[in-house]
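Good morning, and thank you for coming. Please look at the sequence and the structure on the screen while I speak.

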Amino acid sequence: QYSDIPDSGPLTEEQARAMIHGYHAAVSYTDAQLGKVLGELDRLGLASNTIIVLWGDHGWKLGDHEEWGKHTNFEADTRVPLIFSYPGQKTAGQKSNSLVEFVDVYPTLVDLCGLPKPDVDGVSLKPVLENPAVTVKPVAISQYPKPAGVAKKEGAKGAAKRDVMGYSI
């Protein structure tokens, strides 16, 4: 449903190049805007007592599995940036392979602020932020629906009447 992109079949090499260029341009623009926010926090003297969380809402396939977008449960669609920065952080700039879910962001913020543990889904990622080798959960779960029309075309039973929910663990 993107303009100038065929509804089915492969993209031309020129279209693929344009899609990749557009994706990288969007990431570069976002990076520049984040730099402005961080610069302003420094200018105002707020950086030393501010918790910053940056995350994306989904990954994006750039031709993986012959797909261009985010509308599946493939790992590329569920792998996203999640960056925490907070005062006194000793592991700044380190990467972790720990599994996390977006439901973990709020409990983590509460923990970093020293507030009482909330009764919500998700766990605090503070142990991971303090030691990137630590894991706090054995699995991460994602779900994404496949619209009824697409599911029926692909042969999913009962798809004509309802969307088919897809899960990945």
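Let me begin with a definition: two residues are in contact when they have heavy atoms within 4.5 Å. Please also keep in mind that this is a predicted model. Among contacts in the chain between residues at least 6 apart in sequence, 49% join residues at least 24 apart.

I turn now to the elements. The chain contains five helices and six strands. Read from the N terminus, their order is α-β-β-β-α-β-α-α-β-α-β.

Next, the surface. The chain has 169 residues, and 20% of them count as buried. Its accessible surface comes to about 12200 Å², and carbon and sulfur atoms account for 55% of that area.

Let us consider helix α1, which covers residues 13–43. How far apart are its end C-alpha atoms? They are 45 Å apart. This agrees with expectation, because 31 residues at 1.5 Å a residue should span 45 Å. After α1 comes Gly45, which has a positive phi, near 75°.

My last topic is helix α3, residues 105–112. Which of its residues are buried? They are Val105, Pro107, Thr108, Val110 and Leu112. The elements that cover these buried residues include the strands β1 (52–55) and β4 (82–85), together with the helix α4 (126–130). As a general point, an α-helix has 3.6 residues a turn, so residues three or four places apart point the same way. Following α3 we find Gly114, and its phi is positive as well, near 70°.

Thank you for your attention.

Terms used:
Residues are numbered from 1 along each chain as its sequence is written. This is a predicted model: local features need pLDDT of at least 70, side-chain atom pairs count only at pLDDT 80 or more; totals for chains, interfaces and linings use all residues. Side-chain values use heavy atoms; hydrogens and water are left out. Helices (H or I, at least four residues) and strands (E, at least two) are DSSP runs, numbered from the N terminus. The expected span of a helix is 1.5 Å times one less than its number of residues. Buried means under 20% relative accessible area, exposed over 50%, partly exposed in between (1.4 Å probe, protein chains only). Accessible areas come from the Shrake-Rupley method with a 1.4 Å probe; for residues, only the protein chains shown count as cover.
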